[in-house]
Amino acid sequence: MRLIADFRLFRSIIRCLCAALAAFILAACGGTVPTEVAELPTLAALPSVTATLLATATPNESPTPTPTNTLTATASPSDTPSVTPSATITDTPTPTASNTPLPSDTPAPTADNEGLLALVALAAKATVLPPQFLPTSVPTIAGIVATAPIPVSCVTPPSGGFAAIYASDPTLAQQLGCATPSILSVSSASQNYQIGEMVWVAGPPPVIYVLFGNGQFRRYDDTFNAAFDPNSGGETPPNGLREPVRGFGKVWRTFGEVRGIGWAVTDETGGQATIQIFERGQMVYLPQRATVFVLANDSSGVAGTWRAFAGSF
């Protein structure tokens, strides 16, 4: 029994010590000493302190957007340089216009006309056109009519009657260029066709000029050889027309484009031709026709345009 009594006493002492310890702890925290130990769960309010600390950490994230605003402000000066070149370009024409006052009757059209005439002059020197496409005058945009440019004076002028024909039409000077001292006197023959003509001149080498009805000509070598070539093709022309023979006939039968001038309407006529050579062509006087043929070469040198003038050398 005594053992039981001692155990109960020990348990009482332990309880007292626990109560005293609890009171001491509460006193240290500044709280009121609870009357009962069962009120210890009130200490669960401590998590609210932890939450307060976490909430305090939230403002620490606010510096993150602050650098973002700083970057936005940095982009503003980058726009400033793009405006500066625009102002420079805009300002450039302004002083130019203010420093160049023009009266109401400004001579600007004259400058434009000079440029146009320069282009026309260049085209005339670089291009050989059929006569019908070369006007003797050029209208300008100001309404002023200017004479077509003529080549500069040549060292060797055309000879005899060729000079009068050359001076009568400025387009001839443009087409032929300057004359050379080379003047030939050779045997020749000519024949009229339905849509053109043929002219033969002795060489060396002998050649045949086919003058087409559209103002174009082409030169062919005269390869006719009486020892081997037939005199004619044995064709029967319509009434009143003639079949080309000998050298004319060989060219006429060989080349399809030559056949296009039709049948001959006259017989061949011969004579002593006078020829003067130019930079880009030649003049051929046929006394049997009392005609001067002007042949202006194109870039090929074997073709070009032709014109006929009544006259003599």
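This note covers the pocket, the cavity, the disulfide and some ring contacts of a predicted model.

1. Ground rules. In this predicted model, local features need pLDDT of at least 70, side-chain atom pairs count only at pLDDT 80 or more, and totals for chains, interfaces and linings use all residues. Residues are numbered from 1 along each chain as its sequence is written, and side-chain values use heavy atoms, with hydrogens and water left out.

2. Largest pocket. Its volume is about 190 Å³. Of its 14 lining residues, Leu 184, Val 201, Ala 202, Pro 204 and Pro 205 are the closest to the centre. A pocket here is an open set of points on a 1 Å grid over the protein atoms alone, with protein on both sides within 12 Å along at least five of seven lines; a lining residue has an atom within 4 Å of a point. Grid points are joined across faces, edges and corners, and the volume is the space filled by probe spheres set on the points.

3. Pocket lining. Four strands each supply at least two lining residues: β3 (179-193), β5 (207-212), β6 (216-221) and β7 (269-278). Strands (E, at least two residues) and helices (H or I, at least four) are DSSP runs, numbered from the N terminus. By class, the lining has 10 nonpolar, two polar and two charged residues. Nonpolar covers Ala, Val, Leu, Ile, Met, Phe, Trp, Tyr, Cys and Pro; charged covers Asp, Glu, Lys and Arg; the others, Gly among them, are polar.

4. Pro 204. This residue sits in the loop between β4 (196-201) and β5. Pro 204 is exposed, at 85% relative accessibility. The classes are buried (under 20% relative accessible area), exposed (over 50%) and partly exposed (in between), with a 1.4 Å probe and protein chains only. Val 186 is 18 residues away along the chain, and its C-alpha is 9.6 Å from that of Pro 204.

5. Cavity. The whole structure has one cavity of 30 Å³ or more. A cavity is a set of grid points where a 1.4 Å probe fits but cannot get out. The largest cavity has a volume of about 40 Å³. Val 199, Tyr 209, Leu 211, Val 284, Phe 293 and Leu 295 line it. Strands β5 and β9 (291-297) are the elements that give two or more of these residues. The lining divides into six nonpolar, no polar and no charged residues.

6. Disulfide. There is one in the structure. It joins Cys 154 to Cys 178, with S to S at 1.9 Å (cut-off: sulfur atoms within 2.5 Å). Cys 154 lies in the loop between β2 (145-147) and α6 (160-168), Cys 178 in the loop between α7 (170-176) and β3, 24 residues apart. The link is left-handed, with -70° about the S-S bond. Cys 154 is partly exposed at 25%, whereas Cys 178 is buried at 18%.

7. Rings. The count is six aromatic pairs. One of them, Tyr 209 with Phe 217, is edge-to-face, at 6.1 Å centre to centre and 65° between the planes. Rings of Phe, Tyr and Trp (its six-membered ring) pair if their centres lie within 6.5 Å; planes under 30 degrees apart are stacked, over 60 edge-to-face, the rest tilted. Tyr 209 is buried at 6%, and Phe 217 is buried at 2%.

8. Charge over ring. Arg 259 lies over the face of Trp 263, 5.8 Å from the ring centre. The rule asks for NZ of Lys or CZ of Arg within 6 Å of the ring centre and within 35 degrees of the ring normal.
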